[in-house]
Amino acid sequence: MSEPLEQRRILATAIPGPRSQELAARKTAAVSAGVGTGLPVYVERARDGILRDVDGNQLIDFGAGIAVTTVGNGNQRIIDAVTRQIQDFTHTCFMVTPYEEYVAVAEKLNELTPGDHEKRSALFNSGAEAVENAVKIARHVTGREAIVAFEHGYHGRTNLTMAMTAKSMPYKHRFGPFAGEVYRAPMAYPYRWATGAEHCLEEAFEALTTMVHTQVGEENTAAVVIEPIQGEGGFVTPPDGYLARVADWCREHGILFIADEVQTGFARTGDWFACDHDGVVPDLITTAKGIAGGMPLAGVTGRADLMDAVHSGGLGGTYGGNPVACAAALASIETMERDDLRTRAKAIEGVVVPRLQALADRHGVIGDIRGRGAMLAIELVSDLKHKTPNPALTAAVNNACHAEGLVTLTCGTFGNVFRFLPPLTIGDALLTEGLDILDGAFATALA
Ligand SMILES: *Cc1c(COP(=O)(O)O)cnc(C)c1O
């Protein structure tokens, strides 16, 4: 057993403390300025819902390293599995001499992803790499080139995934030219739908299909790639039924429906995958973040006929499906199953949403509360009627949370969304304490 870490917030110094500030100075001298840090406390140890920094501060974790440490920071099953695997071997390259762990992860992905049809999987290192490979497969099997992505979408930072990502600053600014044959449709964004949320499903669907019909051509379209709940774009949650509608339309036209579940996957939203909520079965699904408790791993899972259509050697990579990462994934999935973390995600929603509702009632600056399970967000506006985004208040609340030892994240195209992604093993006491800090942060920022 590794040394436990008391699940208690401790503020030993100002945030960031002196040792973190020393490290931040070294960071500035050694690390590219292009790699930013949201909350520059340097972490020394982490367990469940607590991060301890080099100054002895213990912070409450509402970010889980961007939805990665879903099974809790420092999960014991993962520590054991990784330790065992490292002692056996760390790498052979699956394409050279394979090993069982990779196959076992693929079997689990095939079993847990939506649909009970025959499936295959391939493993990679990052979410962006998984999205790139899903697009490669879609183009290869359809013989078509066009890819449709959405406003507010985020798919990664490689050249192709930058093209698919909507937001310019910071992801794309002066990094072009971008990969071609990527087209963008409006996202079904109920809160900001011009004619009102009640028209969002119909009109967003209409806008998508008209765009494809007039600007691309259905017969030229390989795939529609969508996050079932958008991540970096602001936890935009389409109306129930929208995804199913799009998936049906794709099927009619021989277009593949690709769900990018890199952020929503693996128990985060209270289901194994966010598509489960809508009963949608994607042709291909990309996974990463929460899959392996912090070890770098990603997957593409899909219909066997599609995944097997690619020639041998067409997919892969030196490190893809690394055995240590696979061991972590198996331990992580086992934890989600045994500890019923999907139910826990729903319970977290039950604790957090009423508190966010109370916050919205108290201050007239929260225009929308959205998301599902332990993937929740509030959208901050300067007035409820005009819905003017309020990134300044969002930053002020975020800073006030950080100063009190609560690790929070913002997101959204307009920088005005506050998101909650706690590890699912966080206790109710820490969860409630974090929400109390959030209350105080709003009071401070609005004073
Ligand atoms: C984070 C993210 C990616 C990119 O994953 P990386 O591992 O950072 O490459 C892709 N899609 C979605 C939906 C994401 O949230």
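**Domain interface, sheets and salt bridges**

User: How many salt bridges does the rule find across the interface of domain 1 and domain 2, and what makes a pair a salt bridge?

Analyst: The rule finds two salt bridges across the interface of domain 1 and domain 2. A pair counts if a side-chain nitrogen of Lys or Arg lies within 4 Å of a carboxyl oxygen of Asp or Glu. The model is predicted, so local features need pLDDT of at least 70 and side-chain atom pairs count only at pLDDT 80 or more, while totals for chains, interfaces and linings use all residues. Residues are numbered from 1 along each chain as its sequence is written, and side-chain values use heavy atoms, with hydrogens and water left out.

User: Why is the pair of glutamate 379 and arginine 192 called a salt bridge?

Analyst: The closest N and O atoms of glutamate 379 and arginine 192 are 2.7 Å apart. That is within the cut-off, and the pair is therefore called a salt bridge. Side chains of opposite charge can pair when their charged atoms come close.

User: Where do the bounds of domain 1 and domain 2 come from, and which residues do they take in?

Analyst: The bounds come from an automatic or database domain assignment. Domain 1 covers 18-74 + 340-446, and domain 2 covers 78-338. Their C-alpha centres lie 25 Å apart. The contact (heavy atoms within 4.5 Å) takes 41 residues from domain 1 and 36 residues from domain 2.

User: What does the area buried between domain 1 and domain 2 stand for, and how much is it?

Analyst: It is the accessible area (1.4 Å probe) that two parts lose on being put together, summed over both. Here it is about 3,200 Å², with carbon and sulfur atoms giving 57%. Of the area that domain 1 buries against domain 2, 26% comes from Arg342, Arg372 and Met375, more than any other three residues supply.

User: How many residue pairs are in polar contact across the interface of domain 1 and domain 2, and what makes a polar contact?

Analyst: There are 23 such residue pairs, both residues being at pLDDT 80 or more. A polar contact is a pair of N or O atoms within 3.5 Å; within protein, one must be able to donate a hydrogen and the other to accept it, and residues adjacent in sequence count only if both atoms are side-chain atoms. Helix H2 (64-67), helix H12 (341-362), E11, E12 and E15 each give two or more residues to the side of domain 1 that touches domain 2. E11 gives the most, with five residues. Helices (H or I, at least four residues) and strands (E, at least two) are DSSP runs, numbered from the N terminus.

User: Why do strands E11 and E14 stand at the edges of their sheet?

Analyst: This open sheet of four strands has the order E11-E12-E15-E14, with antiparallel pairing. Strand E11 (366-372) and strand E14 (409-411) each have a single partner strand, so one side of each is left without a neighbour in the sheet. The twist averages 25° from one strand to the next; axes are lines fitted to C-alpha atoms, for helices over the stretch in contact, and angles run from 0 to 180 degrees between N-to-C directions.

User: What makes E12 and E15 a pair of strands?

Analyst: Two strands pair if DSSP finds at least two bridges between them. Strand E12 (residues 375-380) and strand E15 (residues 417-420) have four bridges in the antiparallel sense, so they meet the rule. Glutamate 379, named above for its salt bridge with arginine 192, has valine 417 in E15 as its bridge partner. Helix H13 (residues 391-403) packs on the sheet and touches E12, E14 and E15, its direction making about 35° with that of E15.

User: Which strands are the edge strands of the sheet of seven strands?

Analyst: The order is E4-E10-E9-E8-E7-E5-E6, with mixed pairing. Strand E4 (119-124) and strand E6 (182-185) are the edge strands, as each pairs on one side only. E4 runs antiparallel to strand E10 (residues 298-303), to which six bridges join it.

User: Why do the peptide bond between isoleucine 15 and proline 16 and the phi of isoleucine 66 deserve a mention?

Analyst: Most residues other than glycine have a negative phi, and most peptide bonds are trans. The bond joining isoleucine 15 and proline 16 is cis, with omega about -5°. Another cis bond runs from methionine 169 to proline 170, with omega near 5°. Isoleucine 66, found in helix H2, has a positive phi of about 65°.
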